[in-house]
Amino acid sequence: MALRINDSEFYSIDAHSHLGRRKTPLGHGVASFLGDDLVRNLDEAGLDCAVAFPLGASYTDYSEANQIMADEMTKYPKRIIAFCRINPNFGPEATARTLDHCLGTLKLKGIKLHPEIEFFDPNEAELMEPIYQAARRYHVPIIFHTGMSSKASPGVIAELAARYRDVPVILGHMGVSEYVKLAVAVARQNENIFLETSVVGWMPLLLEAFRGVGTSKILFGSDHPYNPLPMEVEKISKHVAKATKLKPEDFKKVLADNLLSILHDDR
Ligand SMILES: [Zn+2]
């Protein structure tokens with residue numbers, strides 16, 4: 001089942017989902033969510049593929065979780081694009097070593113960072129530069145959680161992102177609510193900054209982003225399994241589609257092409 005918007009069908013990729021196992025359930029009860037679960041839900045929602053990274057577990061260094069990501073991508077190479085997740089607080093050397101392993105050996109396709117759960121400042125050069133350098137070396141994007149905390153403000157992230165103009169930086173949740181305007185501003189100022197749609201629940205803000213940065217810089221994402229996939233899919237396929245005059249080629253960019261171009265992936 002392909003994703004339909006108006007009268008067109010689209011090859012669609014979710015740019016923000018999670019996989020893995022945790023010691024304890026998080027949020028609405030998810031403690032284990034693996035490739036089989038994700039692919040079943042993608043099928044139900046009519047999506048072709050998802051970018052996935054580990055569930056939050058700040059008591060770990062994510063080495064086990066990153067291995068699981070690689071295993072699940074091997075199992076479903078057409079359906080899962082796996083990113084690694086790292087905690088920069090283990091220090092610059094550990095970060096460089098971990099990223100060489102994840103991006104070089106495991107061939108993961110990007111880097112997920114959560115400044116609030118992992119508790120670091122995304123403009124702290126000593127901790128962050130090895131991450132930008134690895135992203136540059138392996139030609140992969142960085143996706144940040146943004147919003148709900150000043151540590152995860154688009155403005156703080158943009159400070160270093162602006163110095164690495166060849167590294168694509170995706171602002172997950174585009175600031176959620178209070179930081180959406182700032183996310184739009186930094187995406188307009190920096191060619192390498194992109195916005196991802198998950199979790200933004202107030203339609204006027206989401207539409208402001210579509211108007212403000214244009215469809216070449218917006219990626220559809222769900223934050224599944226924290227959010228139900230159909231909820232985030234309908235936000236775009238029904239409500240954004242109804243409120244905007246976007247053309248099929250715009251949806252094609254938001255639902256897949258922008259992400260594939262960032263990933264240098266010509267599937
Ligand atoms: Zn997430």
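Strand 5 (residues 49-54) is mostly covered, with 6 of its 6 residues buried. Buried means under 20% relative accessible area, exposed means over 50%, and partly exposed lies in between (1.4 Å probe, protein chains only). Helices (H or I, at least four residues) and strands (E, at least two) are DSSP runs, numbered from the N terminus. The model is a predicted one: local features need pLDDT of at least 70, side-chain atom pairs count only at pLDDT 80 or more, and totals for chains, interfaces and linings use all residues. Residues are numbered from 1 along each chain as its sequence is written, and side-chain values use heavy atoms, with hydrogens and water left out.

Strand 5 has two parallel partners described here, strand 3 and strand 6. Two strands pair if DSSP finds at least two bridges between them. Strand 3 (residues 13-26) pairs with strand 5 over 5 bridges, in the parallel sense. Within this pairing, H18 stands opposite F53 of strand 5. Strand 6 (residues 80-82) also runs parallel to strand 5 and is joined to it by 3 bridges. Here A52 has A82 of strand 6 as its bridge partner. From strand 5 the chain passes through helix 2 (residues 63-75) to strand 6, and this β-α-β crossover is right-handed. The term right-handed applies if, with the strands pointing away from the viewer, the path from the first strand over the helix to the second runs clockwise.

H18 also belongs to the metal site. The zinc ion is coordinated by H16 (NE2), H18 (NE2) and D223 (OD), at 2.1 Å. The spacing of these donor residues in sequence is H-x1-H-x204-D. H16 lies in strand 3, whereas D223 lies in the loop between strand 12 (218-219) and helix 8 (229-243), so the pair ties together parts that are 207 residues apart in sequence. Donors are N, O and S atoms within 2.8 Å of the metal (3.2 Å for Na, K and Ca); water is not among the atoms, so sites may look incomplete. H16 counts as buried because its relative accessibility is 1%. D223 has a relative accessibility of 10% and therefore also counts as buried.

D223 is not a glycine, yet its phi is positive, about 60°. The peptide bond from H224 to P225 is cis, with omega near 5°. P225 is found in the loop between strand 12 and helix 8, which is also the place of D223. Most residues other than glycine have a negative phi, and most peptide bonds are trans. K107, not a glycine either, has a positive phi of about 60°. K107 lies in the loop between helix 3 (92-105) and strand 8 (111-113).

I170 has F194 of strand 11 as its bridge partner.

A209 is placed in helix 7 (residues 203-213). At 0% relative accessibility, A209 counts as buried. Its contacts, leaving aside neighbours within four places in sequence, are M174, V184, L195, G214 and I218. Contact means heavy atoms within 4.5 Å. A209 and A183 are 26 residues apart in sequence, and their C-alpha atoms are 8.4 Å apart in space.

Overall, the protein contains 9 helices and 12 strands. Its radius of gyration is 17 Å, close to the 18 Å that the globule rule gives for 267 residues, so the protein is as compact as a globular protein of that length. The radius is taken over C-alpha atoms, and the rule is 2.2 Å times the number of residues to the power 0.38. Along the principal axes, the C-alpha atoms fill a box of roughly 50 × 40 × 35 Å. Of the 267 residues, 58% count as buried. Among contacts between residues at least 6 apart in sequence, 77% join residues at least 24 apart. The protein exposes about 11,400 Å², of which carbon and sulfur atoms supply 53%. Accessible areas come from the Shrake-Rupley method with a 1.4 Å probe; for residues, only the protein chains shown count as cover.
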